[in-house]
Structure formats: structure tokens, C-alpha cells
Amino acid sequence: MASSLTCTGVIWAFLSFLCAATSCVGFFMPYWLWGSQLGKPVSFGTFRRCSYPVHDESRQMMVMVEECGRYASFQGIPSTEWRICTIVTGLGCGLLLLVALTALMGCCVSELISRTVGRVAGGIQFLGGLLIGAGCALYPLGWDSEEVRQTCGYISGQFDLGKCEIGWAYYCTGAGAAAAMLLCTWLACFSGKKQKHYPY
């Protein structure tokens, strides 16, 4: 099976897949922000949440439903900043995944990744990482929403966690994007083989 990648290109392909998978898993998981409400642990992502309060009619009190899920609608996401973060981070993850899958195909298909295509792919990875980084930077702007304030002891605000903590999924998403921007973009420049020039 012929490959269109150099040895560096093979490393780039697998590292690209690892970075894309890390960012995508972090983006999808609702563990960007941890706190507690009514004595139960609560966590948030950009478009998902674990544990939420509901009014129990039989007991006439608020109780926590301990399950994870997406918000019912896009408008249900607690803040405008988190809605923008969801779109921007999702686009970035999509770009990283697209390049990673193309790079992995380059391991098996000859003449798929040339030097020029590798450099363009590196540029797309840089853009994807930049979008995810922007999403991670926007996320703290939504910490002043009512849902987050309820969970963080009513003392949280923009860039102020209150009683909450940043979760592992936030770090995971950011780390995957940073590695894609810094390492994969550089490796992509050396990933493709020189194209053969045929005399006809």
C-alpha cells in the first residue's frame, strides 16, 4: 500500500488525529465547569449540562435531577457568549477532524498529500486551533449567567469562578487545540512527498 506521506507526515497524521479527538471529546463532554446546587454536583459544557433543578409538585420544593443532557434548544443555552462559544468551538473541532481524517487517508493513498496540500492542511489546522482557542477564551464571559451563578454560590461573574472549578474537559479541549496549532501546523509543512514530474 503506497503512502503519500513522509515519515514526518505519518507522525503528523497520527498526532493530528490525537489532537482532533482530544478537542472533540472535550468539546462534547459537559465537564467544562464544576459546582454544586442543592447539595448535588453540577457541571456545565458549552451546550450540555449535568444535574438541573426542577420543581417537585408532590413535595412542593425544588429537587435536583441527576442526569446529563443537551439544552432543549439553542436559545436554552444560558448566555449569548456560550452560544457563540458553541458555534466557534464546534467549527474548530470540525476543521481539525477534517484535516486529521484526510491525513490518515494519506497514509494509505499515494499522491493524496503533496507538499502544497500539507502546508494548506497545516494552515487549516492553525485556523481550527485558533477557533477553539477563541471559544475557550469566550467561555468565562458566560459565568455571570443566572444558571452558573446559582451553581457557583451567587458570587460568580465574568472571569470569576465564585465557588466553582474549571473541569477537565475545558483543559482537554484547549490542550488539543494548542497542540494542533503549535505542533501539527509545523509538522504539516514536512508531511507530503515531492510530486513526481512526468515528461508528458
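Helices (H or I, at least four residues) and strands (E, at least two) are DSSP runs, numbered from the N terminus. This is a predicted model, in which local features need pLDDT of at least 70 and side-chain atom pairs count only at pLDDT 80 or more, while totals for chains, interfaces and linings use all residues. Residues are numbered from 1 along each chain as its sequence is written, and side-chain values use heavy atoms, with hydrogens and water left out.

Q: Which pattern does the chain follow along the sequence?
A: The chain contains five helices and five strands. Read along the sequence, they give the pattern α-β-β-β-β-α-α-α-β-α.

Q: What is the radius of gyration of the chain?
A: Taken over C-alpha atoms, this value is set against the globule rule, 2.2 Å times the number of residues to the power 0.38. That rule gives 16 Å for 200 residues, and the chain is well over it, so it is more spread out than a compact globule, with a radius of gyration of 21 Å.

Q: What does the C-alpha trace span along its principal axes?
A: The extent of the chain can be stated axis by axis. Along the principal axes, the C-alpha trace spans about 85 × 30 × 25 Å.

Q: How many residues are in the largest nonpolar core?
A: Such a core is a set of buried (under 20% relative accessible area, 1.4 Å probe, protein chains only) Ala, Val, Leu, Ile, Met, Phe, Trp, Tyr and Cys residues joined through side-chain atoms within 4.5 Å. Among the residues that touch the most other members are Trp12, Trp32 and Tyr139, and the number of residues in this core is 38.

Methods: Buried means under 20% relative accessible area, exposed over 50%, partly exposed in between (1.4 Å probe, protein chains only).
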